[in-house]
Amino acid sequence: MLGPIAQNLVFGILVGALYGLAAVGLSMVFGVTKFLNVAHGELLMLGGYASFWAFTLLGVDPFLSFPSTILFLVIIGVVLYKVLFSRMVKLPEELKIRNTLLIGFGLSLILQNLALRLWTADDRGVTTAYSGWAITLLGVRLPIVRLASLGIALVCLLALHLFLRRTYTGKAIRATVQDWEAAAVMGIDIHKVYLLSFVLGVALAGIAGTLVSVGYSIEPSMGLHWTLKALIVMVLGGLGSIMGTFVGGIVLGVTESAASYLIPGGGTYREVVGLVLFVLVLILRPQGLFGAKER
Amino acid sequence: MLLAFLALLPVVLKNDSIINLAILVLLYVMLSSSWNILGGYTGQTNLGHAAFFGLGSLATRLLWISGWPLALSLLAGGFVAVVLALLIGFPAFRLRGVYFAIGTLALGQILFVTVGNVLPQISALPAKYLASYELLPRYYLFLGLAVLIVGVASVLVHSRLGLGMMAVREEEDAAESLGISALRHKLLALCASAFLAGLTGGAFAFYHVGYYPQFPFAPVWTFDAMMMAYIGGTGTIEGPIIGALFYVVVKELLALKLVEFHLIIFGILFILVVLFLPGGFVEAWKRVRKALARQLKSFQSRPSP
């Protein structure tokens with residue numbers, strides 16, 4: 001009798017981990033550089049397609065092709081930053097956010113249609129030999145692939161957390177978040193920090209995309225869906241806290257699952273629940289669950 | 001002049017596909033101009049514009065099919081959109097800048113998904129309407145509404161309210177300090193934008209024989225309208241018109257070659273405009289004219305040999 005509820009909860013947590021990972025990527029970019037890259041979902045999609053190609057063209061297991069996927073996305077990130085976003089660095093914050101929002105839209109349009117040309121509109125996914133395996137714990141079925149995704153997400157976040165807290169570069173990034181002008185005066189190369197943060201965010205999106213391609217499916221129009229999820233979780237968790245953002249992802253995942261289970265016919269309203277939650281948080285508690293109250 | 005040309009177009013060219021193309025251009029002109037009132041002149045990026053378009057189309061379609069006269073159905077569509085605008089305006093305008101943008105994006109998505117769930121079946125014209133379907137009156141409806149919407153936008157922005165809206169766009173806090181109520185102007189712009197988008201939706205509902213009620217709520221309508229306004233030039237009256245025309249022309253030119261390639265080109269152009277030419281084609285044209293005028297002057301002031 002606890003079975004379906006627990007199962008529901010677990011699936012919510014598992015998908016929430018991916019939401020959290022995607023959101024942390026976006027948060028890395030937005031938190032540090034104040035670029036609101038709404039093409040984040042499309043970059044996630046590119047990560048998924050990269051692992052798809054590695055699997056179908058070269059036969060490489062998706063969990064092993066992470067390095068190449070990350071490299072691919074790092075290159076894309078560097079190119080995008082140098083060509084597009086670096087011009088926005090010196091703008092005042094409001095203009096910076098708005099312009100990057102617009103650039104992100106143009107970019108998402110381009111990437112969406114490129115994906116359409118390259119991979120057609122069919123749903124794609126990576127199905128390995130072990131894709132259907134699951135372990136059953138206390139009556140709850142845990143698919144191996146999604147468990148691994150949760151594990152990888154946690155590892156990435158831990159690594160990121162340690163990087164930001166324990167390394168000099170991480171400290172430089174945090175200093176830039178607090179006050180980029182002061183950081184510049186202190187001798188921190190802002191452009192390097194921005195580039196690094198942007199690329200980190202893009203790489204995280206790529207990792208999340210790979211996990212989505214293995215555990216779920218990818219198709220050219222998924223970008224907006226994932227960008228929205230990342231945005232929602234970023235706002236829900238609050239800027240400035242990686243673990244907080246991740247928890248926000250779990251919260252969204254569980255809320256969606258619970259709502260689709262409890263509301264009759266609720267499966268179709270799954271997305272709406274998240275969006276309504278988002279709007280409520282925006283209006284009532286804009287700093288999110290764990291963010292610092294900045295306004 | 002241009003209006004006469006447009007008015008006589010279907011009489012001269014009895015080509016249905018050209019008339020349909022013209023209707024598409026007019027539709028985008030209307031959608032883009034209505035977005036421009038809030039987005040271009042008041043500086044509030046509304047990413048949920050499709051909600052007004054969709055709601056207007058939904059209301060008009062339901063009323064018209066159930067027997068209401070067309071004019072009333074259209075007006076009802078507009079008013080329903082305004083009701084939504086007022087409902088979401090008060091909470092939404094508590095959000096500044098980018099938070100308003102993503103908040104409206106979320107609201108638009110909520111409506112999109114909800115309508116798709118509540119009304120999943122296609123809306124088809126009943127036999128009696130289908131039999132009496134004529135393209136020409138629909139063309140003239142679109143033309144008339146487009147003229148109306150551009151006209152309303154023009155009158156609005158040249159009025160004192162328009163100045164207030166632009167003041168809010170430039171520097172909201174400074175405007176407030178001068179006694180311009182930012183909230184009032186934003187709400188007004190939102191309602192005007194919503195009403196006109198609702199009318200556009202109504203025309204859309206009148207024009208299409210069959211479509212899914214969810215379709216006009218799709219975010220693509222907002223993004224297309226927004227990009228046309230930017231490429232043409234936000235904050236101008238001609239901008240959305242130029243953008244709409246450009247979009248449809250490019251799409252048709254490329255339609256035979258690579259499908260959807262026009263969107264990639266559009267995306268690139270959009271990015272170029274945002275990066276280098278914030279005033280769009282209108283600004284580009286102004287710059288060219290200025291450069292030419294300067295050249296002419298330097299020719300004239302050169303001493304004769």
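1. **Ground rules.** This is a predicted model, in which local features need pLDDT of at least 70 and side-chain atom pairs count only at pLDDT 80 or more, while totals for chains, interfaces and linings use all residues. Residues are numbered from 1 along each chain as its sequence is written, and chains are lettered from A and ligands numbered from 1 in the order in which they are written.

2. **Chain A at a glance.** Chain A holds 11 helices and two strands; helices (H or I, at least four residues) and strands (E, at least two) are DSSP runs, numbered from the N terminus. Read from the N terminus, its elements go α-α-α-α-β-β-α-α-α-α-α-α-α. Its radius of gyration is 19 Å, close to the 19 Å that the globule rule gives for 295 residues, so chain A is as compact as a globular protein of that length. That radius is taken over C-alpha atoms, and the rule is 2.2 Å times the number of residues to the power 0.38. Along the principal axes, the C-alpha atoms fill a box of roughly 60 × 45 × 35 Å.

3. **Burial and contacts in chain A.** Of the 295 residues of chain A, 52% count as buried. A residue is buried if 20 or more other C-beta atoms lie within 10 Å of its own, exposed if 12 or fewer, and partly exposed in between, with C-beta atoms placed from the backbone. Among contacts in chain A with a separation of 6 or more, 77% link residues 24 or more positions apart; two residues are in contact if their C-beta atoms, placed from the backbone, lie within 7 Å.

4. Strands β1 (residues 134–137) and β2 (residues 140–143) of chain A run antiparallel and are joined by four bridges; strands pair if DSSP finds at least two bridges between them. A:Thr136 stands opposite A:Arg141 in β2(A). The two strands form a hairpin with two residues between them, and A:Leu138 in the turn has a positive phi of about 55 degrees. A:Leu138 counts as exposed, with 9 C-beta neighbours inside 10 Å.

5. **Another positive phi.** A:Thr120 has a positive phi of about 60 degrees although it is not a glycine. You will find A:Thr120 in the loop between α4 and β1 of chain A. This residue is exposed, with 11 other C-beta atoms within 10 Å.

6. **A buried phenylalanine.** A:Phe30 sits in helix α1 (residues 3–33) of chain A. It is buried, with 23 other C-beta atoms within 10 Å. Leaving aside neighbours within four places in sequence, A:Phe30 is in contact with A:Phe35, A:Leu36 and A:Met234.

7. **Chain B at a glance.** Chain B has 14 helices and two strands. A compact globule of 305 residues would have a radius of gyration near 19 Å, and the 21 Å of chain B agrees with this. Its C-alpha trace spans about 80 × 50 × 35 Å along the principal axes. Of its 305 residues, 47% count as buried.

8. **An antiparallel helix pair in chain B.** The axes of α7 (residues 135–158) and α10 (residues 182–207) of chain B come within 10 Å and cross at roughly 175 degrees. Axes are lines fitted to C-alpha atoms, for helices over the stretch in contact, and angles run from 0 to 180 degrees between N-to-C directions. The two helices are therefore roughly antiparallel (under 35 degrees counts as roughly parallel, over 145 as roughly antiparallel, 65 to 115 as roughly perpendicular and the rest as oblique). Residues making this contact include B:Leu145 and B:Ile149 of α7(B) and B:Leu196 and B:Leu199 of α10(B). They divide into 12 nonpolar, one polar and one charged; Ala, Val, Leu, Ile, Met, Phe, Trp, Tyr, Cys and Pro count as nonpolar, Asp, Glu, Lys and Arg as charged, and the others, Gly among them, as polar.

9. In chain B, the axes of α2 (residues 16–41) and α11 (residues 219–232) come within 8 Å and cross at roughly 75 degrees. That makes α2(B) roughly perpendicular to α11(B).
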